[in-house]
Amino acid sequence: KADSGGRVFASPSVRRLARELDVDLASVDGSGPSGRVTEGDVRSAAESAEASASEDAGEDRPRNVEINGKSATAKRD
Amino acid sequence: MVVGDIATGTDVLVIGAGPGGYVAAIRAAQQGLDTTLVEKDAFGGTCLNYGCIPSKALITSADLAHEAGHAEEMGIHADPVVDMSQLRDWKDGVVDQLTGGVEKLCKANGVNLVEGTARFKDKNAVRIAHGGEGQGSETIEFEHCIIATGSRVIQIPGFDFANEQVWSSRDALAAETVPDDLVVVGGGYIGMELSTTFAKLGSNVTVVEMLDDILPTYESDVARVVRKRAELLGIDMHFGEGASGWREDDDGIVVTTETEDGEESEYYADKVLVAVGRSPVTDTMELENAGIEADERGFIEVDDFRRTDVDHIYAIGDIVADTPMLAHVASQEGVVAAEHIAGEPVAFDSQAVPAAVFTDPEIGTVGMTEEEAEEAGFTPAIGQMPFGASGRALTTGHAEGFVRIVADEDSGFILGAQIVGPEASELIAELALAIEMGARLEDVAATIHTHPTLAEAVMEAAENALGQAIHTLNR
Amino acid sequence: MVVGDIATGTDVLVIGAGPGGYVAAIRAAQQGLDTTLVEKDAFGGTCLNYGCIPSKALITSADLAHEAGHAEEMGIHADPVVDMSQLRDWKDGVVDQLTGGVEKLCKANGVNLVEGTARFKDKNAVRIAHGGEGQGSETIEFEHCIIATGSRVIQIPGFDFANEQVWSSRDALAAETVPDDLVVVGGGYIGMELSTTFAKLGSNVTVVEMLDDILPTYESDVARVVRKRAELLGIDMHFGEGASGWREDDDGIVVTTETEDGEESEYYADKVLVAVGRSPVTDTMELENAGIEADERGFIEVDDFRRTDVDHIYAIGDIVADTPMLAHVASQEGVVAAEHIAGEPVAFDSQAVPAAVFTDPEIGTVGMTEEEAEEAGFTPAIGQMPFGASGRALTTGHAEGFVRIVADEDSGFILGAQIVGPEASELIAELALAIEMGARLEDVAATIHTHPTLAEAVMEAAENALGQAIHTLNR
Ligand SMILES: Cc1cc2nc3c(=O)[nH]c(=O)nc-3n(C[C@H](O)[C@H](O)[C@H](O)COP(=O)(O)OP(=O)(O)OC[C@H]3O[C@@H](n4cnc5c(N)ncnc54)[C@H](O)[C@@H]3O)c2cc1C
Ligand SMILES: Cc1cc2nc3c(=O)[nH]c(=O)nc-3n(C[C@H](O)[C@H](O)[C@H](O)COP(=O)(O)OP(=O)(O)OC[C@H]3O[C@@H](n4cnc5c(N)ncnc54)[C@H](O)[C@@H]3O)c2cc1C
């Protein structure tokens, strides 16, 4: 995992995507060089979170993410 | 402009039109928010009117005149004379063009501009006092507010800027003539930029600095390159001395300094420039009425989205605690605040904040130093490339300094860089991007860099850290 | 040096010590391979001795003298005089320092240096003819060979460089005096760099170009910025005319040109500089003995590892088909060839090859143009930022030109960039890294760029492509 010194290595667009999908970057295993977190890593983390969430809820629908009071819908690709 | 005391409302009220505030206002308007920007003095703030822009304009002219006058080695014989009033006109023209541009851009993006001084009435309204006689005042109610009131120069005891002999940086930038003798109090970046400029324009410059080197926030080998050059320019530097006072004398002034041990010195001058730092402007808009408290030094604490303790009120720029007082930081914070209000998934999570000093040569830094990397728990791999080994640097006649890259030994991730040398302010951009992208040494080393450019030195420094440099011996 | 005809052996034989060959040799030696580098003329090749380096040194001096003499607007009054012999000494000093450095770096890395001309005996040996009388020759057997013999200037019918009035770029760079009147045949990058330089040094320059614009490999709006400036510098440009001959006349020469329709023109001059391109040097080392064939234009075909059809013989630099004739391409190819021989998992797979033109203003380009992106099947998103809206550009007094970024609309991936303006050669480095890293518009836009710098224009261009620019109106 690319978090030497508590730091996660990921590009600005991937960091933004993680916020958008409500994924905690520090908990993502990066598949890029030296463990850099990629867009794909964030999307699959979001999907597995969504899968386990819908398992818990026992239903299969997109999860609403609260961002600053405005709700965004986590999208599946 | 509205006359009398009427109340209007806005989604986003931005206070202060510096590089923090005007950028925040434009971005908020771009997001479709009804946005109002209040400014009490001049659009563009400190940066465009009294800081970054006029200082760099002066530096350009001083550099060109000085260089052309000292280039016999490359065959140029010239004896340039600088006409200060022409230089001021040009500089003022540049400032006017940019501040006029800011105003136009605000309007084009639909920002409502209000001239006046804002004070909080409560958590959801400010009162705006309009400047002149009989201009009255107005109340503006807001859903969200972004405070971007910037900073002011710090005055030290005994040196009142009201005296014409005592200059603030703003006075120095508006100078009508070049003083024969100039004492500069403070060897920080503003002090050193202006010392270099006036030395090149012909002043005998003396710098007095309390600490034991110039540019104390930079590593000593970085500062050293600038100090050596300053010495060659004839700048006289005195360390461990604090300015204690000044008095008039014949046709000039005498500045007195004191060491910690109480040893006094005196320096003759025409003007004394006091450049010991800037402090946040948070004491004039009745923050307490909005329920916000500044810390003991006047800064405001904010979260990752630049929100203050009062959720719908944001603070950005020089008034923010913990981020450096720099124009580009203010702008980035403005973007974050505006987009956060609009509900975008942003945060101020920049891995790398670059900074530049426009001395001779320039300094550009970003991210961690070797020491900081160690403190953060990394094992640093260091790569360095002296400009003396750069073909491009030699062909420009400026080959002092170096590029240093700090990376993590294990992963190769680039953590920081320090550049001192020609165009350091521009060269640092590539490394800021490298850090933000999570680039490794290998990535920078394998990227083709145009020949002959100074940017090749960035690539060579990365190669050096990997033990693969071509144009310098590997450690 | 070895006298007489004896045979020695080496792991890697590199032929030609230009930026391709010397870099390949150093990297091969760094990989622990026994490496021999043969050079028949001067270490550093065309680039250091007769190309990139001397041209940029001349440009620096011409620029500084010209700028200082034309800066009344910023208050500078000067009437610089350039002493050509001093300028030549300085330029030669820079060249000597760099070529000496190359030799030292080769030795320090353990490369065996051999002076002489190499010709293939067979697939595994060359014969080296040493220069002078009685120096004899030697045979070197090799496991691997890297051919890096570079290019030579193209001569056109009727213009023999043996005449002192007919200059090649090399002659121009060694000029002892500045001609009053100079005709330049060819408006490509070398022709335009030298035209600009001599115009600034005081020549009346006329450019004749067969095609209908200068810098025909660049987009017309990019070339236009340079053409406009060239016009202001008094350079007289004639398009659609080919140089057909010249004759002596009184104390000068007359150059004749012809259009496609046979219309003739005459231009008076002291010298005529022919800069119509360069061709690969592949006809002098008996390639056929090694079983290698050049194409009809003299270039050698190579694979991703820079191998020729003969597996253990590589070719790099200006002699390679399909890659541009540029020093940094030669160096990168040298690194790839050397590392491939050493068994490293390399390939010449650069996504982005930057290129610069050191005209006034400079041009820097990398990756795809809008048209190329379309042809490649992308839907291009274009972002542009004029330097006229850049605070830094205005403070330098150079605000012509723009930064353009070409990205893929859907993914945001950056595909290319074209910069024309101040420091374009340096600014392109960030975008080359961006492309190599697979950065998106958003990544460049979200990276903090130092204020005030020209590099901010790169960020603004990315923002513009996203419809979020602050300092320019979004399309
Ligand atoms: C000489 C000098 C050189 C500098 N050079 C550089 C440099 O090269 N690079 C760099 O990054 N930084 C530089 N700086 C620092 C830079 O100017 C500041 O970091 C930047 O201006 C901060 O932006 P801001 O928007 O926070 O505040 P400011 O630019 O200070 O703007 C604040 C604005 O708010 C207005 N205001 C304040 N209170 C009120 C109120 N109550 N109502 C209405 N309006 C109000 C003020 O009039 C002002 O216009 C320099 C500074 C100086 C002095
Ligand atoms: C005026 C001018 C300006 C230029 N400016 C730039 C610029 O700004 N940026 C840029 O990227 N490029 C520039 N170039 C192009 C650049 O010089 C070439 O692309 C580069 O030199 C190619 O490198 P190379 O190693 O392939 O060949 P060269 O540099 O040509 O080196 C080849 C070497 O091989 C030697 N050699 C040839 N045959 C033999 C033999 N049989 N035995 C032994 N030795 C041999 C030659 O003597 C020579 O030293 C410029 C060129 C010119 C002419």
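A polar contact here means a pair of N or O atoms within 3.5 Å. Keep that in mind for this predicted model: an oxygen atom of ligand 2 is 3.3 Å from an N or O atom in the side chain of H328(C). An oxygen of ligand 2 is 2.9 Å from a polar backbone atom of G20(C), and an oxygen of ligand 2 is 3.4 Å from one of L326(C).

The protein covers 97% of the 1000 Å² of accessible area that ligand 2 has on its own.

## What surrounds ligand 2

Ligand 2 lies between chains B and C. There are 42 residues around ligand 2, the closest being E39(C), T46(C), K56(C), D318(C) and A327(C). By type, the shell splits into 19 nonpolar, 17 polar and 6 charged residues. Helix 2 of chain C gives the most, with 4 residues.

Within chain C, domain 1 (7–152 + 280–342) and domain 2 (166–276) both give residues to the shell, so ligand 2 lies between them.

## The two cavities

Searching the whole structure turns up 2 cavities of 30 Å³ or more.

Among the residues lining it are E426(B), A455(B), E426(C) and A455(C). Helix 11 of chain B and helix 11 of chain C each give two or more residues to that lining, which divides into 6 nonpolar, no polar and 4 charged residues.

How values were computed: Residues are numbered from 1 along each chain as its sequence is written. Chains are lettered from A and ligands numbered from 1 in the order in which they are written. This is a predicted model: local features need pLDDT of at least 70, side-chain atom pairs count only at pLDDT 80 or more; totals for chains, interfaces and linings use all residues. Side-chain values use heavy atoms; hydrogens and water are left out. On a 1 Å grid over the protein atoms alone, a cavity is a set of points where a 1.4 Å probe fits but cannot get out, and a pocket is an open set with protein on both sides within 12 Å along at least five of seven lines; lining residues have an atom within 4 Å of a point. Grid points are joined across faces, edges and corners, and a volume is the space filled by probe spheres set on the points. Ala, Val, Leu, Ile, Met, Phe, Trp, Tyr, Cys and Pro count as nonpolar, Asp, Glu, Lys and Arg as charged, and the others, Gly among them, as polar. A residue is near a molecule or strand if one of its heavy atoms lies within 4 Å of it. A polar contact is a pair of N or O atoms within 3.5 Å; within protein, one must be able to donate a hydrogen and the other to accept it, and residues adjacent in sequence count only if both atoms are side-chain atoms. Accessible areas come from the Shrake-Rupley method with a 1.4 Å probe; for residues, only the protein chains shown count as cover. Domain bounds come from an automatic or database domain assignment.
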